[in-house]
Amino acid sequence: MALKKFVNLFCIIALSAILNSMAVAIPIEVGTGENSAELYIEWDDGYVAEFIVDFENVTITGFEMFDIIEAQTSLTTVRQDFGWGIFIDGIEFNGHSNIGYGGGEDWWHYWIKDAGQTEWMSPAFGVADRILYNGDADGWIYGRAGTVPEPTTILLLAIGAFVLRKPRE
């Protein structure tokens with residue numbers, strides 16, 4: 001009986017954490033235009049921000065997407081020029097900040113997903129060379145190498161935790 005109560009409590013806590021993390025990531029819409037791209041950012045403290053960036057031109061660069069967001073929100077980036085290219089070395093938003101290389105996995109991992117793709121991929125180029133079209137997405141994760149979580153995956157985890165929590169007769 002004690003094990004069953006422990007499992008139920010664990011599932012309730014896990015479901016609560018999953019649903020709370022989903023609530024943080026309500027997309028913020030910025031920019032203007034008929035085209036849009038998405039930006040997902042996850043800091044090492046678990047805070048997540050998602051942006052839908054509208055734009056007029058057929059394409060924008062990864063830096064232009066950040067420029068639009070920075071012009072209309074409190075998000076800021078730290079950009080470093082290492083001589084071979086400009087690199088996003090820090091991102092700050094709503095009191096959440098990760099800047100610089102902290103060793104191991106503690107750095108900004110960059111992911112992309114073009115419109116119509118189902119899987120995120122780590123590109124062989126940087127944000128300066130990224131060309132975004134309508135429906136594309138970029139993801140930035142600090143402190144872990146795993147890919148950007150899909151909202152469907154999070155929802156399935158929440159449902160699974162709820163089902164496990166239900167007492168069996």
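Is Gly 46 buried, partly exposed or exposed? Gly 46 is partly exposed, with a relative accessible area of 42%. Here buried means under 20% relative accessible area, exposed means over 50%, and partly exposed lies in between, using a 1.4 Å probe and protein chains only.

Before we go on, a word about what you are looking at. This is a predicted model, in which local features need pLDDT of at least 70 and side-chain atom pairs count only at pLDDT 80 or more, while totals for chains, interfaces and linings use all residues. Residues are numbered from 1 along each chain as its sequence is written, and side-chain values use heavy atoms, with hydrogens and water left out.

Let us stay with Gly 46 for a moment. It lies in the loop between E2 and E3. In the hairpin of E2 and E3, five residues sit between the strands, and Gly 46 takes a positive phi near 95°. Although Gly 46 and His 96 are 50 residues apart in sequence, their C-alpha atoms are 9.5 Å apart in space.

Now follow the hairpin into its sheet. Two strands pair if DSSP finds at least two bridges between them. By that rule there is an open sheet of five strands in the order E1-E3-E2-E10-E8, with mixed pairing. E1 and E8 stand at the edges with a single partner strand each, so one side of each is left without a neighbour in the sheet. The twist averages 20° from one strand to the next. For angles, axes are lines fitted to C-alpha atoms, for helices over the stretch in contact, and the angles run from 0 to 180 degrees between N-to-C directions.

Seven of its eight residues are buried, so E3 is largely enclosed by the rest of the structure. Strand E2 (residues 35-42) runs antiparallel to E3, and eight bridges join them. Leu 39 has Phe 51 as its bridge partner in E3, and Glu 38 stands opposite Ile 52 in E3. Strand E1 (residues 28-31) pairs with E3 in the parallel sense over four bridges, with Ile 28 standing opposite Phe 51. As you trace these strands, remember that in a regular strand the side chains alternate between the two faces of the sheet.

What is the order of the strands in the open sheet of three strands? The order is E5-E6-E7, with antiparallel pairing. Strand E5 (76-81) and E7 are the edges, each with a single partner strand, so one side of each has no neighbour in the sheet. Neighbouring strands here are turned by 20° against each other on average, direction ignored. Six bridges join E5 to E6, and Asp 81 has Ile 86 as its bridge partner in E6. The hairpin of E5 and E6 has four residues between the strands, and Gly 83 in the turn has a positive phi of about 90°. Helix H2 (residues 62-72) lies across E5 and E6, running at about 145° to E5.Another glycine to look for is Gly 100, in the loop between strand E7 (96-99) and strand E8 (108-113). Gly 100 is buried, with a relative accessible area of 13%. Leaving out residues up to four places away in sequence, Gly 100 touches Asp 89, Asp 106, Trp 107 and Tyr 142, where contact means heavy atoms within 4.5 Å. The C-alpha atoms of Gly 100 and Ile 88 are separated by 9.0 Å, with the two residues 12 apart along the chain.

The largest share of the lining, four residues, comes from E8.

Key. Helix = DSSP H or I, 4+ residues; strand = E, 2+ residues; numbered from the N terminus.
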